[in-house]
Amino acid sequence: MARYTIRQIAELAGVSPATVSRVLNETVPVSPDLKERVMTAARQSGYTAVKNPESKSHLIGLLLPRLSNPFYTEIIQGILDTASAAGFDVVIRPAIVSGMNSFNKNPSLFYKTTKLAGLLTLSRLRSDGWLLRSLPEELPIVQCCEYNESLSYPVVSIDHYSAAYKATKYLLGTGHSNLAFFNSSCQTLYGKKREEGFLKALADCRTPVRQDWILHLGDVDYNLALAAAKELFSKKDHPDAIFAVSDLYAAGIVKGLAELGLQVPGDVSVVGFDDTEIALVNTPTLTTIHQPRHKLGATACNILLQLIQSETTVSQYYWVESDLIVRGSTKSKLPIYEPGI
């Protein structure tokens, strides 16, 4: 008889792979009826359940794109606070690692050496990537912020498209008509969605698109944005406003313009994204899209804990509201109406 996988047993019993894993390893109590359904399916498949006390884990894995980006600080804190309250610990690993790192040499080491109960990922998972191939199919996974739409794992994020649309409409509504867009890469979902929102707002307002003013810088890096802004504004024909997909970009842009003798917002308005601490310490303070980052992390962790600890069926998408925060880096170009003049 061919050996059945946990996923096949789950299909036979009409439950999730995670439920099969809980029953076979006795990690979480389940109802007698549910347990009998799984055990019956396992017996029919020829599967022999073996108790493994070591499989009882209170560790959550957290996968980040990189540790240096300040955007992730509050998200991580939201995850840590929520996990700690539930009696779980969090082990953090960057998705971008050096070639000498043992995790990179042996991806499954992340799971095997830590006995994860579940995984939170702020990195975009590849459907055919090494991570999904190396992890057990029954391991609960939740995607936060950056996500892969083709995967069925739950997603916690903001609506990047709508947020970018709102920021662009704000700039257009304050009299700016020559807009540039500083993006990281359309290889990221947030980059793709935010660029789509930017372009849709321009189209709805019948504002021409300058393709040479849509920049893709790759990494989210202050110095990259500074250099790109100086190059763009060294030309005679330049924008009167910039929308950047990161506060880090926006701060670099402001610095680059200052080195050219241009004032923000006197000569150019600048809008960032994320509402990190950088937005408040920058001079001028940045108009930006606020992401409730602690809430994003806490919500993602709560959903993962539901998957780990209970049989609750969760939704596919959880959208967290974002807001446009207007500060000192933008101003209206429209004439001020004064009655009697």
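What follows is a chat about strands, a helix, nonpolar cores and salt bridges in a predicted model.

Me: Let's start with strand β1, is it buried or exposed, and why?
Reply: Strand β1, which covers residues 59–64, has 5 of its 6 residues buried, so the strand is largely enclosed by the rest of the structure.

Me: And which strands does β1 pair with?
Reply: One is strand β2, residues 89–94, which runs parallel to β1 and is joined to it by 6 bridges. Another is strand β3, residues 118–121, also paired with β1 in the parallel sense, over 4 bridges.

Me: What is Leu-120 in contact with, leaving aside its neighbours within four places in sequence?
Reply: Leu-120 is then in contact with Ile-60, Gly-61, Leu-62 and Leu-63, with Ile-79 and Val-142, and with Ala-300, Cys-301 and Leu-304. Apart from the core of 69 residues lies another core, of 10 residues, which includes Ala-13, Val-15, Leu-34 and Ala-41.

Me: What are the strand partners of β6?
Reply: β6 runs parallel to β8, to which 4 bridges join it, and the bridge partner of Leu-179 in β8 is Ala-241. β6 also pairs with β7 in the parallel sense, over 3 bridges, and there Asn-183 stands opposite His-216.

Me: Switching to helices, how far does α10 reach from its first C-alpha to its last?
Reply: Helix α10, residues 222–233, reaches 17 Å over its 12 residues, which is close to the 16 Å expected at 1.5 Å a residue. At the start of the helix, a side-chain oxygen of Asp-221 comes to within 2.9 Å of the backbone nitrogen of Asn-223.

Me: Which residues of α10 are buried, and what do they pack against?
Reply: Ala-225, Leu-226, Ala-228, Ala-229, Leu-232 and Phe-233 are buried in α10. The buried residues of α10 pack against the strands β6, β7 and β8, and also against helix α11, residues 247–259.

Me: OK, charges now. How many salt bridges does the structure hold?
Reply: There are 9 salt bridges in the structure. In one of them Lys-230 pairs with Glu-259, with the closest N and O atoms 2.8 Å apart. Lys-230 lies in helix α10 and Glu-259 in helix α11, so this pair ties together parts that are 29 residues apart in sequence.

Me: Are those two buried or partly exposed?
Reply: Lys-230 counts as partly exposed, at 29% relative accessibility, and Glu-259 likewise counts as partly exposed, at 42%.

Me: What about Lys-333, which residue does it form a salt bridge with?
Reply: Its partner is Asp-240, and the closest N and O atoms are 2.9 Å apart. Lys-333 lies in the segment after β12 and Asp-240 in the loop between α10 and β8, so the pair ties together parts that are 93 residues apart in sequence. Lys-333 is partly exposed, at 46% relative accessibility, whereas Asp-240 is buried, with a relative accessible area of 8%.

Me: And which salt bridge does Arg-293 make?
Reply: The side chain of Arg-293 meets that of Glu-277 in a salt bridge, at 3.9 Å from N to O. The pair links distant parts of the chain, as Arg-293 is in helix α13 and Glu-277 is in helix α12, 16 residues apart. Arg-293 is buried, with a relative accessible area of 2%, while Glu-277 is partly exposed, with 42%.

Me: Which residues are linked in a network of salt bridges?
Reply: Glu-74, Glu-277 and Arg-293 are linked in such a network.

Notes: Residues numbered from 1 in each chain as written. Predicted model: local features only at pLDDT ≥ 70, side-chain atom pairs only at ≥ 80, totals over all residues. Heavy atoms only, no water. Buried < 20%, exposed > 50% of the residue type's maximum accessible area, 1.4 Å probe, protein only. Helix = DSSP H or I, 4+ residues; strand = E, 2+ residues; numbered from the N terminus. Pairing = 2+ DSSP bridges. Expected span 1.5 Å × (residues − 1). Contact = heavy atoms within 4.5 Å. Polar contact = N/O pair within 3.5 Å; in protein donor to acceptor, adjacent residues only side chain to side chain. Core = buried A, V, L, I, M, F, W, Y, C linked by side-chain atoms within 4.5 Å. Salt bridge = Lys/Arg side-chain N within 4 Å of Asp/Glu carboxyl O.
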